[in-house]
Amino acid sequence: MSAILRKSSLISPEEYLAGELNSQIKHEYLGGIVYAMAGARNVHSVIIFNILLALGNRLRGQKCQPFPSDTKVRVIMPSGQIRFYYPDVQIVCDQNSLQETFQERPVVLIEVLSPSTRRTDEHEKLEAYTTISTLETYLLVDSNQRQITVYQRSSLGFECTVYSGEKDRIRLPSLNLEIPITEFYENAVLLPPTIEELEEYGN
């Protein structure tokens, strides 16, 4: 996400949802404050397409379905604060009404990292997403290098594992799926962050 859209007055979740229906720019919502989302490079879109294709082929005809980045996820934090995010991909088995514009019971959430979103995805969203009671897996897919960080729910909380090997496979136990890491990166040309990006966003 990028600059704050409104700062002086808070808006309700209902106002936010109504505004998003007519907005040409996507915004995320944190407790009454609305943030415009940053744009993405083509490599980001290639990776998202690969993920949706890999998941869609494997889940076709099943109850659990993948949703693209136009679908919001609602998070109610332990404090009661309401947040709406646009994950790059989410898998939902217990879906909201088709008339709604968000889901709230995902089993898998996936964010594709870029220099401008990395900190938010690795910290703020990690904290928020792992409060969702139905969530089993949170994937962070790097777009600068072949590396996927997996947060998997266990009896001890969420355990973190990093995958980067050519033959590594990403396991989604709740869906009984294993996906080769190579499928996520097919046709994706990975480049390190530019000097300008490092200066603006850090590592």
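Analyst: A residue is called buried when its relative accessible area is under 20%, and exposed when that area is over 50%. The model discussed here is a predicted one.

User: Why is Asn 50 called buried?

Analyst: The relative accessibility of Asn 50 is 7%, and the label requires a value under 20%, so Asn 50 counts as buried. Asn 50 belongs to helix α2, which runs over residues 42–59.

User: What makes the approaches of the Asn 50 side chain to the backbone oxygens of Phe 184 and Glu 186 polar contacts?

Analyst: The cut-off for a pair of N or O atoms is 3.5 Å, with one atom able to donate a hydrogen and the other to accept it. The side chain of Asn 50 reaches the backbone oxygen of Phe 184 at 3.2 Å, while a polar atom of that side chain lies 2.7 Å from the backbone oxygen of Glu 186; both distances therefore meet the cut-off. When residues up to four places away in sequence are not counted, Asn 50 touches Glu 183, Phe 184, Tyr 185 and Glu 186.

User: How do you know that Gln 103 is buried, and where is its side chain directed?

Analyst: Gln 103, in strand β7, has a relative accessible area of 4%; since buried means under 20%, Gln 103 is buried. The side chain of Gln 103 reaches the backbone nitrogen of Asn 96 at 2.9 Å. Leaving aside neighbours within four places in sequence, the residues in contact with Gln 103 include Phe 67, Val 73, Arg 74, Gln 90 and Asn 96.

User: Why are the buried residues of α1 placed on the same side of the helix?

Analyst: In helix α1 (residues 13–22), the buried residues are Pro 13, Tyr 16, Leu 17 and Glu 20. They cover an arc of only 95° around the axis, and therefore lie on the same side of α1. Glu 14, Leu 21 and Asn 22 are exposed on the other side of α1, whereas the cover over the buried residues of α1 includes β1, β2, β4, β5 and β7.

User: What is the volume of the largest pocket, and which residues are closest to its centre?

Analyst: The largest pocket has a volume of about 300 Å³. Of its 20 lining residues, Met 37, Ala 38, Ala 40, His 44 and Asp 88 are the closest to the centre, and the elements that give two or more residues to the lining are α2, β8 and α3. By class, the lining of this pocket holds seven nonpolar, seven polar and six charged residues.

Notes:
Residues are numbered from 1 along each chain as its sequence is written. This is a predicted model: local features need pLDDT of at least 70, side-chain atom pairs count only at pLDDT 80 or more; totals for chains, interfaces and linings use all residues. Side-chain values use heavy atoms; hydrogens and water are left out. Helices (H or I, at least four residues) and strands (E, at least two) are DSSP runs, numbered from the N terminus. Buried means under 20% relative accessible area, exposed over 50%, partly exposed in between (1.4 Å probe, protein chains only). Contact means heavy atoms within 4.5 Å. The arc is that of the directions from the helix axis to the C-beta atoms. On a 1 Å grid over the protein atoms alone, a cavity is a set of points where a 1.4 Å probe fits but cannot get out, and a pocket is an open set with protein on both sides within 12 Å along at least five of seven lines; lining residues have an atom within 4 Å of a point. Grid points are joined across faces, edges and corners, and a volume is the space filled by probe spheres set on the points. Ala, Val, Leu, Ile, Met, Phe, Trp, Tyr, Cys and Pro count as nonpolar, Asp, Glu, Lys and Arg as charged, and the others, Gly among them, as polar.
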